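Please look through the structure below before reading on. The report that follows takes up its overall layout, its core and its charged pairs.

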Amino acid sequence: VAGSGGGAGMELREFLEGIGLEKYVDVLEGEEIDMRTLLGMSEEDLKGAGLRLFGPRRKMMMAIVRINEQAAGYTSKIEQAYADKLEVEKQELDIKLKQALQEVENMRLVLSQERELREMSESVSVEERLAKEECTRKLGEIRSEVGAIVSEESSSANPTLYSRILELNSKLC
């Protein structure tokens with residue numbers, strides 16, 4: 001209430017005159033700061049609003065703290081219940097946030113494990129392909145050697161052996 005010595009009802013000009021800082025009325029009003037806004041400001045906020053000098057800024061902060069402490073004694077039960085409700089909601093949101101962050105971390109771990117598994121699988125697949133190619137190459141060499149032996153030996157010398165080799169050779173292709 002104007003003239004009551006402090007609080008949210010006090011006008012900005014009256015407040016600043018009361019603490020000897022009336023020269024900052026234009027600075028604060030130029031930033032569209034009213035008394036209600038001023039009572040919620042921090043020292044950094046005041047600095048950002050144009051109060052560059054430490055002394056006046058500190059003096060204003062001390063007066064703001066004093067008024068806010070006085071106003072705290074007048075907080076209604078409804079306001080306190082609402083503040084308590086907001087605090088509970090904040091705590092619940094903090095818990096949900098922690099859980100969500102844990103889930104994200106778990107998902108990162110699963111993704112990392114899946115990448116490792118994929119890399120191992122691709123590595124095994126490449127190794128299998130290379131082993132198959134090597135086996136095919138060696139089989140080709142063996143065929144050539146068997147073919148050379150068979151051609152050196154006459155098919156008439158051992159017709160059973162010759163036909164068995166041809167049979168096995170056809171199964172390899």
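Which pattern does the protein chain follow when read along the sequence? In this predicted model, the pattern is α-α-α-α-α-α-α, with seven helices and zero strands in the protein chain. Of its 173 residues, 16% count as buried, and the chain exposes about 13400 Å², of which carbon and sulfur atoms supply 56%.

The largest nonpolar core has 22 residues, and those with the most contacts inside it are Phe-15, Leu-16, Leu-28, Leu-38 and Met-60. At least two residues of this core come from each of α1 (12-18), α2 (25-30), α3 (35-39) and α5 (54-72), and the largest share, five residues, is supplied by α5. Leaving aside residues up to four places away in sequence, Leu-28 touches Leu-12, Leu-16, Ile-33, Leu-38, Ala-49, Leu-51 and Met-60.

| Salt bridge | N to O distance |
|---|---|
| Arg-57 and Glu-43 | 3.6 Å |
| Lys-90 and Asp-94 | 3.2 Å |
| Glu-133 and Arg-129 | 3.0 Å |

Because Arg-57 lies in helix α5 and Glu-43 in helix α4 (residues 43-48), their pair ties together parts that are 14 residues apart in sequence; Arg-57 is buried, with a relative accessible area of 8%. Lys-90 and Asp-94, by contrast, are four residues apart in helix α6 (residues 77-152), separated by about one helical turn. Lys-90 is partly exposed at 44% relative accessible area, and Asp-94 is partly exposed at 32%. Glu-133 and Arg-129 are likewise four residues apart in helix α6, and salt bridges that share partners join Glu-134, Arg-137, Lys-138 and Glu-141 into one network.

Conventions. Residues numbered from 1 in each chain as written. Predicted model: local features only at pLDDT ≥ 70, side-chain atom pairs only at ≥ 80, totals over all residues. Heavy atoms only, no water. Core = buried A, V, L, I, M, F, W, Y, C linked by side-chain atoms within 4.5 Å. Buried < 20%, exposed > 50% of the residue type's maximum accessible area, 1.4 Å probe, protein only. Contact = heavy atoms within 4.5 Å. Areas by Shrake-Rupley, 256 points an atom, 1.4 Å probe, with all protein chains shown as cover. Salt bridge = Lys/Arg side-chain N within 4 Å of Asp/Glu carboxyl O.
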